Amino acid sequence: MATEDVDPRFADLDAWSLASAMEAMWEGQLAAVAAIGHALPAITAATEAAKAALGDRGRIVYVGAGTSARVAVQDGAELTPTFAWPKERVHFVVAGGDSAFVTSIEGAEDDVDDAIAQINAAQLTQQDVVIAVAASGTTPFTVAALQQAGSFGAVTIGVANNPGTALLASAKFPILIETGRELIAGSTRMKAGTAQKVVLNLISSGIMLRLGRVYRGMMVNMQPTNAKLKRRAEAMVAQIAHCNPSHAARSLEQADGDVKTAVLLALGLDPADAETVLKDGDGNLRRVFAELARDRDSDRDSNRDRHSREATARKQGGG
């Protein structure tokens with residue numbers, strides 16, 4: 001496997017000047033990110049399938065061992081503060097359990113029985129999306145977990161850095177990121193890890209885009225849980241509703257911190273109407289605004305027709 005091979009170009013990396021070694025490692029990071037470009041169609045297909053499956057109950061389940069698991073946990077842990085994704089709709093299946101988040105658990109990546117047990121305990125459904133990550137693509141724990149997830153009908157996504165591997169063969173949506181040899185052989189926290197993090201960023205952020213949790217580049221599902229986030233929320237309401245900061249702050253307070261509701265209140269809707277239109281638009285502000293615009297146009301056309309009929313009636317009556 002390329003990720004385990006020594007790259008002859010860097011066999012003497014430890015003898016180089018630190019400046020030269022730093023430049024080489026930096027270039028390796030750039031190459032890792034560039035390698036993702038070829039996989040964008042596969043990443044997009046996986047993201048579309050994930051969005052379609054999740055509905056209002058499905059979970060995003062991350063699977064991994066060692067470095068790959070910690071990269072996956074980092075991505076999943078950010079979904080709640082960034083997009084207000086419910087905590088109960090994120091799940092982690094990690095070799096060695098929770099303690100493996102910060103320490104290395106020897107032998108855990110080979111424990112196939114634990115992988116199957118963790119997947120069974122998760123009680124997966126067809127609405128769940130399982131994203132399994134392994135640089136080698138052969139990690140027994142990760143492969144077994146993904147295969148077991150597939151037996152429940154879950155959407156399975158496999159991310160690996162080596163071609164022709166079991167993880168990719170086991171996934172409904174395989175994503176190959178060929179980052180090649182590491183500058184330090186087998187140290188997949190470097191190029192492979194960087195590429196994995198970017199791919200997971202793309203998938204999770206793409207899902208949230210499609211679910212309407214982003215509007216005009218803003219994370220409108222964010223919860224203002226501290227002073228900084230409250231200021232950010234007020235700024236979003238002011239920008240979207242085109243109102244002054246004090247009006248945005250009052251609307252946000254009235255909406256109990258919900259940015260989308262606050263925007264609609266700032267625009268003049270009452271709380272009940274705001275709740276209704278958001279529900280009808282599946283919480284998607286762009287869809288809500290489009291529907292409100294259609295309603296206004298329809299009302300305008302109705303008024304125009306009514307005035308026309310009244311004018312005609314007056315003319316006929318006067319005749």
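Leaving aside neighbours within four places in sequence, Leu 176 is in contact (heavy atoms within 4.5 Å) with Ala 39, Ala 160, Asn 161, Asn 162, Pro 163 and Leu 168. The model is predicted, so local features need pLDDT of at least 70 and side-chain atom pairs count only at pLDDT 80 or more, while totals for chains, interfaces and linings use all residues. Residues are numbered from 1 along each chain as its sequence is written, and side-chain values use heavy atoms, with hydrogens and water left out.

Leu 176 belongs to strand 5 (residues 173-176). Helices (H or I, at least four residues) and strands (E, at least two) are DSSP runs, numbered from the N terminus. Leu 176 is partly exposed because its relative accessible area is 28%; buried means under 20%, exposed over 50%, and partly exposed in between (1.4 Å probe, protein chains only).

Thr 165 sits in the loop between strand 4 (155-160) and helix 7 (166-170). Its relative accessibility is 8%, so Thr 165 counts as buried.

Ala 21 is part of helix 1 (residues 18-34) and is buried, because its relative accessible area is 7%. Not counting residues up to four places away in sequence, Ala 21 touches Leu 13 and Trp 16. Ala 21 and Leu 183 are 162 residues apart in sequence, and their C-alpha atoms are 9.5 Å apart in space.

Ala 266 lies in helix 11 (residues 259-266). At 14% relative accessibility, Ala 266 counts as buried. With neighbours within four places in sequence set aside, its contacts are Val 237, Ala 241, Cys 243, His 247 and Ser 251. Ala 266 is 127 residues from Thr 139 in sequence, and the C-alpha to C-alpha distance is 52 Å.

The charged residues can be followed next. Side chains of opposite charge can pair when their charged atoms come close. The structure holds 5 salt bridges, each defined as a side-chain nitrogen of Lys or Arg within 4 Å of a carboxyl oxygen of Asp or Glu.

One of them joins the side chains of Arg 9 and Asp 7 at 2.7 Å, N to O. Arg 9 is exposed because its relative accessible area is 58%, whereas Asp 7 is buried because its relative accessibility is 6%.

Another salt bridge is made by Glu 48 and Arg 210, at 3.6 Å, N to O. This pair links distant parts of the chain, 162 residues apart, with Glu 48 in helix 2 (residues 40-54) and Arg 210 in helix 8 (residues 191-210). Glu 48 is partly exposed at a relative accessible area of 37%, and Arg 210 is partly exposed at 48% relative accessibility.

Glu 291 and Arg 294 also form a salt bridge, the closest N and O atoms being 2.6 Å apart. Both residues lie in helix 13 (residues 285-318), 3 residues apart, about one turn of the helix. Glu 291 is partly exposed, with a relative accessible area of 38%, and Arg 294 is partly exposed, with a relative accessible area of 49%.

A negative surface patch is formed by Glu 106, Glu 109, Asp 110, Asp 111 and Asp 113. Patches are made of residues with over 30% relative accessible area and no salt bridge, where like charges are joined within 9 Å and nonpolar side chains (Val, Leu, Ile, Met, Phe, Trp, Tyr) within 5 Å. Within this patch, Glu 109 lies in the loop between strand 2 (90-94) and helix 5 (112-122). Glu 109 counts as partly exposed because its relative accessibility is 41%.

Ala 84 has a phi near 55 degrees, a positive value in a residue other than glycine, and is found in the loop between helix 4 (79-83) and strand 2. Arg 216, not a glycine either, has a positive phi of about 50 degrees. Arg 216 is placed in the loop between helix 8 and helix 9 (227-241) and is exposed, with a relative accessible area of 59%.

Methods. Areas by Shrake-Rupley, 256 points an atom, 1.4 Å probe, with all protein chains shown as cover. Lys, Arg positive; Asp, Glu negative; His and termini not counted. Charge placed at Lys NZ, Arg CZ, Asp CG, Glu CD.
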